[in-house]
Amino acid sequence: MQMADSTLSLSSNLSDDLSLLSPTSSQFSSSSEFNLDRDLLPEELPVVKCVARARIPTTNNTEIFLHLYSNNIDKKEHLAIVFGENIRSKSLYLRQKNETQSDRMIRGAYIGKLQPNRKIADFDELKKIGLKFNEKDELIYDNRTSYNPENPILVRIHSECYTGETTWSARCDCGEQFDEAGRLMGEYGRGVIIYLRQEGRGIGLGEKLKAYNLQDLGADTVQANLMLRHPADARSFSLATSILLDLNLPNIKLLTNNPDKILAVEGKNRLIRVVERIPMIPIAWRENLKEGIQSKEINGYLRTKIERMGHLLQEPIRI
Ligand SMILES: Nc1nc2c(ncn2[C@@H]2O[C@H](COP(=O)(O)OP(=O)(O)OP(=O)(O)O)[C@@H](O)[C@H]2O)c(=O)[nH]1
């Protein structure tokens with residue numbers, strides 16, 4: 001999203017900045033200071049290519065199809081976690097030069113199920129049963145081969161969070177949101193989680209750990225980023241736009257509280273349409289205080305997202 005550092009004029013020395021962290025500091029007063037402008041989004045989208053896909057049976061008894069993407073703007077392995085066998089990547093199914101049926105099965109460009117002794121991935125076999133390909137050998141989608149792109153599909157765009165997903169952090173709601181998105185999509189039997197490698201809202205894990213120390217020293221999640229001379233949010237969602245287009249999913253129902261994410265994934269030319277926003281209400285806020293993430297940090301974190309980043313969420317009134 002590359003949001004600009006618009007509110008804070010920083011002194012050159014971090015230790016000077018620490019003195020700004022008194023509770024009475026009023027320099028951050030307005031809400032949603034960082035909201036995005038559609039006109040400033042890039043015109044051109046990144047080029048993405050699905051290089052491998054595999055079926056993953058999960059511990060929840062749901063089957064997912066993991067799609068791994070390369071792209072022309074970074075070297076990271078971004079992913080689409082796909083619930084539903086008939087959601088197809090255009091770039092994956094393109095026929096590659098000199099590839100064999102076995103090559104296609106190995107990189108996941110098959111239709112149906114793999115089983116021992118299967119010989120044909122899709123192409124010739126599918127032609128035989130009447131499926132059509134265009135002059136570039138791209139599969140022409142129809143009801144038998146693909147999800148109907150007119151039907152909005154449930155999507156979560158998730159940014160990597162090592163601490164929330166792997167080390168059980170109760171500083172943020174990332175792990176809970178990831179699990180919840182998977183649970184919902186498993187229940188519906190359809191959906192996509194786009195997993196973007198932009199740790200720490202794009203500043204990386206090392207910088208996020210420094211931000212956590214600043215938070216323990218009294219900064220909120222936005223202040224900490226700014227004090228480290230990063231934007232409040234350094235992410236871009238154009239890769240998610242390109243991946244959704246590659247999966248032939250132009251209409252989506254987005255699980256998010258972040259209005260900027262909606263704008264960002266739709267992009268400048270609105271090639272993706274968010275036809276519905278589905279809020280992600282923290283479990284502790286919607287059920288009872290015994291469930292969900294319990295920590296003093298999480299409440300401050302969520303409050304800052306509401307007050308300073310304009311998140312569409314309401315803290316429950318506790319009696
Ligand atoms: N810099 C920084 N990053 C954080 C902090 N807490 C969580 N993150 C990162 O924030 C990102 C998670 O944001 P998301 O949950 O995808 O998005 P969001 O903008 O909160 O919007 P939602 O869709 O409503 O969840 C991950 O990359 C986390 O690593 C923090 O205190 N500082």
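Visitor: How much of the chain is buried?
Guide: Of its 319 residues, 34% count as buried. Keep in mind that this is a predicted model.

Visitor: Okay, and how many helices and strands are there?
Guide: The chain has 12 helices and seven strands.

Visitor: Which residues have the most contacts inside the largest nonpolar core?
Guide: Those are Val155, Val192, Ile194, Ala240 and Ile243, in a core of 43 residues. Strand S5, residues 191-196, supplies the largest share of that core, with five residues.

Visitor: What does Val192 touch?
Guide: Leaving out residues up to four places away in sequence, Val192 touches Ala80, Ile81, Val82, Ile87, Ile153, Val155, Leu247 and Leu249. There's also a second, separate core of nine residues, and Ala211, Leu214, Val222 and Met309 are among them.

Visitor: Switching to the ligand: which residues come nearest?
Guide: Ser159, Cys161, Thr256, Asn257 and Asn258, out of 23 residues around the ligand. The elements giving two or more residues to that shell are strand S4 (153-159) and helices H6 (174-188), H7 (205-216) and H8 (221-227).

Visitor: And how does the shell divide into nonpolar, polar and charged?
Guide: Six are nonpolar, 11 polar and six charged.

Visitor: What feature does UniProt place at residues 148-279?
Guide: The unreviewed UniProt entry lists "domain: GTP cyclohydrolase II" there. Over residues 148-279 the chain is 42% helix and 18% strand, with the end C-alpha atoms 24 Å apart.

Notes
Residues numbered from 1 in each chain as written. Predicted model: local features only at pLDDT ≥ 70, side-chain atom pairs only at ≥ 80, totals over all residues. Near = placed C-beta within 6 Å. Helix = DSSP H or I, 4+ residues; strand = E, 2+ residues; numbered from the N terminus. Nonpolar A, V, L, I, M, F, W, Y, C, P; charged D, E, K, R; others polar. Core = buried A, V, L, I, M, F, W, Y, C linked by C-beta atoms within 7 Å. Buried ≥ 20, exposed ≤ 12 C-beta atoms within 10 Å, placed from the backbone. Contact = placed C-beta atoms within 7 Å. UniProt positions renumbered as here; feature names shortened; annotations may be inferred.
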